[in-house]
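Colleague: I would like to learn how to read a few features of a model. Please take them one at a time.

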Amino acid sequence: MKRWYKTLLILFAALTMGAFVYLGWAWFSNERSQLTDDLNRRARIIAKSLNRTFVKAIKQEASAHDIEVLESISEQGRTLGYFLCGVDGTPVLQTMIFEGVPYCEIIKTERGEKISQVENFGFERSAGSFVHIYSTPLLSKDKTVLGVAGIVHDASYIHDQMKTAFLWMTLSMALVALLISAATYFVSRLIFQRSVNEFISWVKEGNSVPKSVMSTLSLLKPVGREFTRLNAKLRSAQQTAQEVSQSKTDEELWTPVKLKAHVTSQIGEKKLIVVSNREPYIHTKEKGVVHVMHPASGLVTALDPVLKATSGLWIAHGSGNADQDVVDEENKVWVPEKAPIYQLKRVWLTKQEEEGYYYSFSNEVLWPLCHATHERPTFDDSAWTTYNRVNQKFCNCIAEEFSKKDSPHILIQDYHFSVLPKMIREKRNDAVIGLFWHIPWPILETFQICPWKREVLQGMLGANILGFHLSSYCNNFLNTVNALLPVRIDWDRQAIIHEGGTTYVKPFPISVQPWSERNLPEEATIQADTESWRQQLELGKTRLVVSVDRLDYTKGFSERLDAIKRFFENNPAYCGKITFVHLAAPSRTHIPRYREFDDRIEKKVDDINWTFGTEGWKPILFLKENHPPYKVYLFLRMAEVCLVSSLADGMNLVAKEFIAARENNDGVLILSEFAGAILELHDALCVNPYACQDFAETIRIALEMPHAQQVERMTRLKKQVLTNNVYKWASDLLTELTHPVHASQATATKTNLSKRS
Ligand code: ADQ
């Protein structure tokens, strides 16, 4: 039953009861005042009819007959008798049966010290009975007050009638209340029973309890929540067991199934919390219809199976325009929608917070600082303040999830959260925290210009484990910390011993997911789509060189275009025969530096196309868009050469995606010596993107490499990438995070804490 229905029902019951009480009371009062009016009227008539006799009597002029007349009114129906008082309140005469009853005193005390000179009515309890007393002044002919005459009636019948009426009213009210309560109870019970039945049917079907059902059952909410959680865990365990039993893959190859099994064995019952800026599922609304988007990113690809295996919790910035519509009161939503296994908790940011934390401090300070591409960081105090505030917001959101029993395991992603580990540590000293830094770590001389360098480092040292892609980034970090903070470095174990504990700094080179797992169509469809794209883009028979990157100055767009220009200058015979396809994703366009960069690159492309292009051929196809993964795959397959020209790059996934897409084991990868991937991909042609002439020459060498040599190199590259795929990365990282050394630190901290308390 909807909550407003319940409220309405209770309100209706209360109103009906209220109405009954009001009506009963109104009737009761009306009845009483009618009976009183009757008595008043009767007393007034008697007093008027005897007025002359009363005057005589008060003047002591009454005859025996007059006294007899006066006496005759007593015992007439309910009239008990009369009394006469002087102006000073002294009794003058009264009905004989009233002997000893001080009526003059009664009316005096009840209605003022002096005898009232106006007409009066009232009830009294006198001589054991309930009486009605009417008193009226007696006037002489010249209107002077001679005294007061009073008529006394027996009023006990009013009292008795009122008592009986009150009894009946109370009884009927109780009956009505009983009926209304019984009706409310039965209706509620009926509706509650229906909801419970619905709930049980959901339980029987083994699904999570939907929001609509939960909202009708506020009493069962905790049960429903617990059931949904247990069910997700069960489903995750079932799925893992099933997948493991069905998997027949190479023992050495890391797959989502192997990762799941591994993670389950490592993490056991512990709750894993992953924190990132970008969310793995984004809800968007178009024309009133809500869609779920699964953003294509290495990080999401790697961590989604981990969360599925552990039925953990992912906390991220809720950025979709329908994100708020689908979450529960704790800002959580179960994902994936069709078979919910883990929860995504969303953190809401204001525009101003997004501006300061994401665009300004993360991408205008830490990004240029860590990439060292000669782009000056923009230091801004207020951005630093907002960055801290947003990190604290995430921290509070994480803290809501802490259980008293277990040490939480938290895996934080990237440079958006450099100060978060320390904040979490301050709230929960026994937490096991990992922070993976997806971008390079620069040398000390570069990093130390940051005005908040020590705060950033101290923030990061709140983690037990810090992960970078390469050993060189780890060493840069250790050197930076060694120079700027009072710590001791254990170089053999790559550990920093500081006042808060020990932080291990280790390399975990990230990689990609095999394309075969990304719902690709049949080979025939792929061939047809390839042909269709060639026609659509009027590529004719030209050979393709592909580049895929976000439009970011670190990716070496400008240097790559210079090299392409030089290539055509040096090798005019290739004009008309080669097309350079750039799949360029617009990125951070809110930042002026990025907007200016976009303009510069587009102008440069135009310039080359103008200089070398012909009627039916464009040297560069600049396809500025966030293309769907399948389209990226098609172009990586269609091309003979892939160009990666980063000026600085933590790893670069595109290089690995190109290798993974080479179905025929051919093609050539030209890879910048400044991309982290170069350390693993020895068979790529290595270039310095700043060395224009060499770069142009390398393009020529790649295009002219004999097929056999291409296959030889690509086979080795493919083995490297497929063996060390994204699942291996996640597994290594989680193995480290769940290593007993961190857990024992946490236990020690917990013991110390409990001893202290
Ligand atoms: P990025 O700087 O984003 O990542 P990269 O590693 O190349 O760089 O990953 C980009 C991803 O976006 C790839 O999966 C690629 O296919 C996709 N992509 C790029 N352009 C696209 C387009 N136009 N359309 C569609 N998809 C596109 C950061 C670090 C890297 C590090 C990764 C992972 O800067 O060094 O490798 O994180 O840790």
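Modeller: Leu 80 sits in strand 1 (residues 79-86); helices (H or I, at least four residues) and strands (E, at least two) are DSSP runs, numbered from the N terminus. This is a predicted model, in which local features need pLDDT of at least 70, side-chain atom pairs count only at pLDDT 80 or more, and totals for chains, interfaces and linings use all residues. Residues are numbered from 1 along each chain as its sequence is written, and side-chain values use heavy atoms, with hydrogens and water left out.

Colleague: Which residues is Leu 80 in contact with, leaving aside its neighbours within four places in sequence?

Modeller: Contact means heavy atoms within 4.5 Å. On that basis the partners of Leu 80 include Ser 74, Thr 95, Phe 98, Val 131 and His 153.

Colleague: How do I read the angle at which the axes of helix 18 and helix 19 cross?

Modeller: Axes are lines fitted to C-alpha atoms, for helices over the stretch in contact, and angles run from 0 to 180 degrees between N-to-C directions. Angles under 35 degrees count as roughly parallel, over 145 as roughly antiparallel, 65 to 115 as roughly perpendicular and the rest as oblique. Here the axes of helix 18 (residues 557-570) and helix 19 (residues 592-612) come within 10 Å and cross at roughly 5°, which means that helix 18 is roughly parallel to helix 19. The residues of this contact comprise eight nonpolar, one polar and five charged; Ala, Val, Leu, Ile, Met, Phe, Trp, Tyr, Cys and Pro count as nonpolar, Asp, Glu, Lys and Arg as charged, and the others, Gly among them, as polar.

Colleague: What should I look for in the backbone?

Modeller: Most residues other than glycine have a negative phi, and most peptide bonds are trans. The bond from Val 335 to Pro 336 is cis, with omega near -15°. Asp 414, in the loop between strand 12 (409-413) and helix 13 (420-427), has a positive phi, near 80°.
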